[in-house]
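Look over the sequence and the structure before reading on.

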Amino acid sequence: MSNVSSARLKARYAAERRFRALGLTAVVFSALVLAFLLFTMTANAVGGFKRAELRFPVDLAASGLTVDPASLSSSNAMAQLETAGLPDIVTMAAGKALGAEAAAEVDPQAWRDLAANIIADPQLMRGTIEAELAASDDLASALRGDGASESLKTLATKLEAEGKLAQVWDPGFLTRADATGPQAVGIWGGAQGLDADHAGHAAAGLPDRGAGGGLS
Amino acid sequence: MSPAIPLLLALGLGLIAWLAARSKAWAFKRAAPPGTRAPLHSLPNYHGWYVALWAVVPAMAFAAVWAGLSPNLIVSQALSDPAAANLPTFGVERDSIIAEAYSAASGSSAAAFNPAAGALVEPFASAIRTYGSIGLAITLVLGFAGGTYAFLKLRPEFTARTRVERAVMTGLLLASLVAILTTFGIVASLLFETIRFFGFVTPAEFLLGTHWGPDPMAAPGANLGENYGAIPLFWGTIFIGAIIAMLVAIPLGLMSAIYLTQYASANVRKWMKPLLEILAGVPTVVYGYFAALTVAPLVRDAAQAAGIASASSESAMAAGLVMGIMIIPFVSSMADDSIAAVPQAMRDGSLAMGATTSETIKKVLIPAALPGIVAGVMLAVSRAIGETMIVVMAAGATARLTANPFESMTTVTFQIVAMLTGEGSFDHPATLSAFALGFVLFCVTLALNFIALRVVKRFREAYE
């Protein structure tokens, strides 16, 4: 075989390898983009399923919570516990365990989680509950390290070091229906809203212009 | 009375008709002299179905029409009652009283709370009873008449099977017409609103104008057309959907298809092909915030680092890149199919003459598969220019005629969303412009699909 034709063959084989590598690159690149997309989305989504919670004991037996356990099976049990002063009891317990500064950063509506536990099991009123309640939005963002003031960040670092404040998995994200604050947010209402939105429009006699969904 | 009752009655009549006609047909069969072949044209079941159809279909059709017609008759009869004399003569109040009395009388609400409506409940109830019994009677009579007519036609040589099958064919035709008529309805609604829009703005101003700035709040004035030049939108759509996205999707999609069909081992192909198709299965809204939150800042920083100061955080580049990624599977699966459809003999011939695999692909397979590849690209383009969520989130709202891909740009779909969300009046040109834009988009997509189908058809004929 002459030198000319062997050089030509070499070039042709090199082109063959380049073409093949190009094809492989296209496949791998597409797969990597998909992996990057899924990774970014998952990483961003995980934060949504977590929230900052404060952990402190609430001594219900000594608190003088005067509610008849039998009456808690009625539908206004939440209102009964509110009238009996459960919100104040929670605030006081937080103040005792975490200090006044941190007690102010318990989410004002967080006692409802505790109340729901008590309603589910009235026996809890006879003892001490290890409460894990949502922190305020400010303290939560201080824990994440963005936004909040320096004093809150110091507080968050201190509480976290003591194990009293932590980011925990929040299954309630799927079952709540609230959008008033990052700590209380839930998507159940949105999931329901897929048809509730239409029903609402129909009930109000409005033309249904798909304000909620279905843009694409 | 519930509208289900005439329906059930019609069905009951149909059952009776079916049984009666079938037994009559059996009687024909038995009447034949023993030993000879039965003289029946159709099996007894078909006689049954024929009569049952005649008993049920007219009665059902009437019941459906009556259900739509009777509320008006009921209202007009009830309002001729003396109790209705002191109703307000027109307006919302009158309507709400009538609606309240009607719902109380028909039993869908417990009672009427408005005293004016309370007085009307009794006239309404009696009207509902009257028209309910009339409807029921006519349904029954129609069912009987239809059933009897068909029953009397039964003979041994009667062509019941042919007729039943013709009825089934008609039913199937009606079912397919639903889909076709829906399409016509969509086109007609687009067309009518577009014509209304062109009553405000001339087509020339709309299609050739270069300034887009509709103000949904402004009263329609004299020089309205100046703000409805849609060229920047068309440019944005083409730039993002047909240029940037295709620059990403065609090389990646085509090369992926080539690699997976010609080079990859069966195992790699088995895993990679579905994996790439996941790209088309990600919801577009997820692509939207991927573009807006992850890709757009990267693109902006890269552009600024390269010295383009005008780079914006909403850019045609970000939207186009992500859209290109999204439609890789569209390009690659069509290319895949058409490369696989090239006859093996052509490939073998090329290889046997000493060509390398890549030379075979470039010189033989791709030219032979080109029509299929082109069709795939066209379908991908029509998908890309109709895509909404990605551009809504990542491309921006500014209508701008520029060739700089790092500036924000808007598209036809984004403007349709912008014009139709909110509480705009449907008489205002700003709202109507959405229909005109949609109509243009529809025409372009239709043309692309049409061309793609024609190209595919020619390609199929070439190798069969």
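Predicted model: local features only at pLDDT ≥ 70, side-chain atom pairs only at ≥ 80, totals over all residues.

Reader: How many helices and strands does chain A have?
Author: Helices (H or I, at least four residues) and strands (E, at least two) are DSSP runs, numbered from the N terminus. Read from that end, the elements of chain A run α-β-α-α-α-α-β-α-α-β-α-α. The count for chain A is nine helices and three strands.

Reader: What share of chain A is buried?
Author: A residue is buried under 20% relative accessible area, exposed over 50% and partly exposed in between, using a 1.4 Å probe and protein chains only. Chain A has 216 residues, and the buried share is 32%.

Reader: Is A:Gly47 buried or partly exposed?
Author: A:Gly47 sits in the loop between helix 1 (3–46) and strand 1 (50–59) of chain A. Its C-alpha atom is separated by 19 Å from that of A:Ala191, 144 residues apart along the chain. With a relative accessibility of 45%, A:Gly47 is partly exposed.

Reader: How are helix 1 of chain A and helix 8 of chain B oriented to each other?
Author: The axes are lines fitted to C-alpha atoms, for helices over the stretch in contact, and angles run from 0 to 180 degrees between N-to-C directions. These two helices pack at an angle of about 50°, with their axes 10 Å apart. Angles under 35 degrees count as roughly parallel, over 145 as roughly antiparallel, 65 to 115 as roughly perpendicular and the rest as oblique. Helix 1 of chain A and helix 8 of chain B are therefore oblique.

Reader: Which residues of helix 8 of chain B make that contact?
Author: Contact means heavy atoms within 4.5 Å. Helix 1 of chain A contributes A:Val27, A:Ser30, A:Ala31 and A:Leu34, and helix 8 of chain B contributes B:Met272, B:Leu275, B:Leu276, B:Ile278 and B:Leu279.

Reader: What is the orientation of helix 7 of chain B to helix 8 of chain B?
Author: The axes of helix 7 (residues 231–263) and helix 8 (residues 266–281) of chain B come within 10 Å and cross at roughly 155°. That makes the two helices of chain B roughly antiparallel.

Reader: What is the handedness of the crossing of helix 11 and helix 12 of chain B?
Author: A crossing is left-handed if the near helix is turned anticlockwise from the far one by less than a right angle, and right-handed if clockwise. Helix 11 (residues 344–352) and helix 12 (residues 357–386) of chain B pack at an angle of about 145°, with axes 10 Å apart. Residues of helix 11 in the contact include B:Met346 and B:Arg347, and those of helix 12 include B:Thr357 and B:Thr360. The crossing of helix 11 and helix 12 of chain B is right-handed.

Reader: What kind of aromatic pair do B:Phe197 and B:Phe206 form?
Author: Rings of Phe, Tyr and Trp (its six-membered ring) pair if their centres lie within 6.5 Å; planes under 30 degrees apart count as stacked, over 60 as edge-to-face and the rest as tilted. The structure holds 15 aromatic pairs over all chains. In this one, the centres are 5.3 Å apart and the planes are at 75°, so the pair is edge-to-face.

Reader: In which helix is B:Phe197?
Author: B:Phe197 is buried, at a relative accessible area of 0%, and B:Phe206 is buried at 0% as well. B:Phe197 belongs to one aromatic cluster with B:Phe198, B:Phe206, B:Trp212, B:Tyr228 and B:Phe234. Its contacts beyond four places in sequence include B:Pro429 and B:Leu432. B:Phe197 lies in chain B, in helix 5 (residues 160–200).

Reader: What is the relative accessible area of B:Ser315?
Author: B:Ser315 lies in the loop between helix 9 (284–305) and helix 10 (316–340) of chain B. Leaving aside neighbours within four places in sequence, B:Ser315 touches several residues, among them B:Val299, B:Ala394 and B:Phe406. B:Ser315 is buried, and its relative accessible area is 0%.

Technical notes. Residues numbered from 1 in each chain as written. Chains lettered and ligands numbered in written order. Heavy atoms only, no water.
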